[in-house]
Amino acid sequence: MDYHKYTLVTKNSKEVIKNSVYFCFIGEQVDGHIFIEEAFESGASLVVGTKKLYMKNYVQVDHILDEFVCAAKQINKYNTTNMTYYGITGTDGKTSTALLTHQILNKLSTSAYLGTSGLMIGNQPSSYNGMTTPFADMLYRGIALANEHVDNFVMEVSSHALVQKRIKGLEYQAVAFTNLTNEHLDFHKTMEQYYLAKAEIINYVKPTGTVVINIDDSYGKKLAKEIEEPMKLITISTKPGATFYMHDLIMSIDGITFKITVANKTYIIKSNLLAKFNMYNLTMSIALVYSQGVSLIEIIKTVKSLVVPGRAELIQSDVVANCIVDFAHTPTAIEKIMNFVKLYKKDETKIYVIGGSAGGRDSSKRPLMGEAMAKYADYVILTEDDPRNEKVEDICKQLATNIKNYKIIVNRVEAIKFALTNTTNNDIIVLLGKAGQTKMYYDGFTKEYNEQEILKKLIEELK
């Protein structure tokens, strides 16, 4: 079907404007066909569905997803040759790797980024406010915006998106697999199903494209064995034999220095980023850009000043404790940031951890999250983190299953105040889960919430 004459494609009847094409998807809870009248009243010129209905300007199709992607591509004038596409999937490090890749490309050329942090074209954020990996209507709309300005498009690819085929019709020149840890089992049910969902990303790589894999991760090692020629495989590891061999890591509170050996040549990497996990994120980003024929020497020149807001971000003060804000929200990610923090614990240092767990999500990980928070902490403060339709107290009690020394303070700002007023400048406060986000999600409504801004304001008030 020819969709070029229409203005907008959407699966959300609330988004319909004049001359739109509205698609009626049938979900687990909602049947889009019940909104047909509303769509026409809002200006839809065409409605596409799967039910046999006899009405003007309605078309029945057998494969609605294929038709939806076709419409999104045509209306947004999708062009496969204008940009190089990069996709990053994995449990932890996905956002950091995508943002670092975007920043490198933006220094060497021009780039757009789509993911947890929204849509950025070059260094400018757009008004996009949707899913980490959106459905075709929003995805190709974002691509169309970027296509006018940049040569590269870097995006995060969630496991939900892969299962729901949200990126159907897209082809990547290069993709990355960071790792797989305990997360989203409310949706995927088992780790094997979760792995199979992530592994689907291979099917969206061009036949001669490249897959970059962290083979220090057991699931990464498994996925690496499934890559077949003419597709190219780049591996990263702290063990010799990988395409990118990472070694001689030196960590400090000011950043990391390490070496990578590629094709028998060794390069020194210096970065302001903190912690061992950022060695993996940065190396993966370097490898992705390198896969497209860019000189390693040119890439390495860009990395010193790269930043990832809200990912192991240090906020220092002479008055109160040093604070580290991090997005970590899985047991493995929390353990990684805590392993880094413990390196800087002196005899007089106390480590306070502030964290929660998102409501309406996988609850099986909560006891493990709490255990990871408490592992090297002197004191744990459990609080809200997008509670949605659950009670914060109930979530915190699940987190506290394996914790002895903790306090529940429901209001997150009050939790931060408590930590700041009960610590000295010898101590460290680790704030987990909300870093880099701008909203707190409750049951049916949201509030503006920026952890870094709130923290800096509270520190200023204590001076």
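Visitor: Why is Glu15 called partly exposed?
Guide: Glu15 has a relative accessible area of 28%. Buried would need under 20% and exposed over 50%, so 28% puts Glu15 in between, as partly exposed. Bear in mind that this is a predicted model.

Visitor: What makes Glu15 and Arg141 a salt bridge?
Guide: Their side chains come to 3.5 Å, N to O. The cut-off is 4 Å between a side-chain nitrogen of Lys or Arg and a carboxyl oxygen of Asp or Glu, so this pair passes. By that rule the count comes to 16 salt bridges.

Visitor: Why can you say that Arg141 and Glu15 tie parts of the chain together?
Guide: Look at where each one sits. Arg141 is in helix α4, while Glu15 is in the loop between β1 and β2, so the pair ties together parts that are 126 residues apart in sequence. Arg141 counts as partly exposed too, because its relative accessibility is 23%.

Visitor: How do you know that the length of helix α4 agrees with what it should span?
Guide: Helix α4 covers residues 136-147, twelve of them, and at 1.5 Å a residue it should span 16 Å. Its end C-alpha atoms are 16 Å apart, so the two values agree.

Visitor: What makes α4 largely enclosed?
Guide: Nine of its twelve residues are buried, so the rest of the structure largely encloses this helix. Among them are Leu139, Tyr140 and Ile143. The buried residues of α4 pack against several elements, including β1, α2 and β9.

Visitor: Why are Lys417 and Glu414 said to be about one helical turn apart?
Guide: Both belong to helix α14, and they are three residues apart there, so about one helical turn separates them. Lys417 counts as partly exposed because its relative accessibility is 34%, and Glu414 does because its relative accessible area is 39%.

Visitor: What makes β8 and β15 the edge strands?
Guide: Eleven strands form an open sheet with mixed pairing, in an order running from β8 to β15. Each of these two pairs on one side only. Elsewhere in the sheet, β10 and β11 pair in the parallel sense over five bridges, and Ala176 stands opposite Val212 in β11. Helix α9 lies across several of the strands, among them β5 and β10, and runs at about 140° to β13.

Visitor: How do you know that the chain is as compact as a globular protein of its length?
Guide: The chain has 15 helices and 23 strands. Its radius of gyration is 23 Å, close to the 23 Å that the globule rule gives for 463 residues, so the chain is as compact as a globular protein of that length. Of those 463 residues, 53% count as buried.

Note on methods: Residues are numbered from 1 along each chain as its sequence is written. This is a predicted model: local features need pLDDT of at least 70, side-chain atom pairs count only at pLDDT 80 or more; totals for chains, interfaces and linings use all residues. Side-chain values use heavy atoms; hydrogens and water are left out. Helices (H or I, at least four residues) and strands (E, at least two) are DSSP runs, numbered from the N terminus. The expected span of a helix is 1.5 Å times one less than its number of residues. Buried means under 20% relative accessible area, exposed over 50%, partly exposed in between (1.4 Å probe, protein chains only). Contact means heavy atoms within 4.5 Å. Two strands pair if DSSP finds at least two bridges between them. Axes are lines fitted to C-alpha atoms, for helices over the stretch in contact, and angles run from 0 to 180 degrees between N-to-C directions. The radius of gyration is taken over C-alpha atoms; the globule rule is 2.2 Å times the number of residues to the power 0.38.
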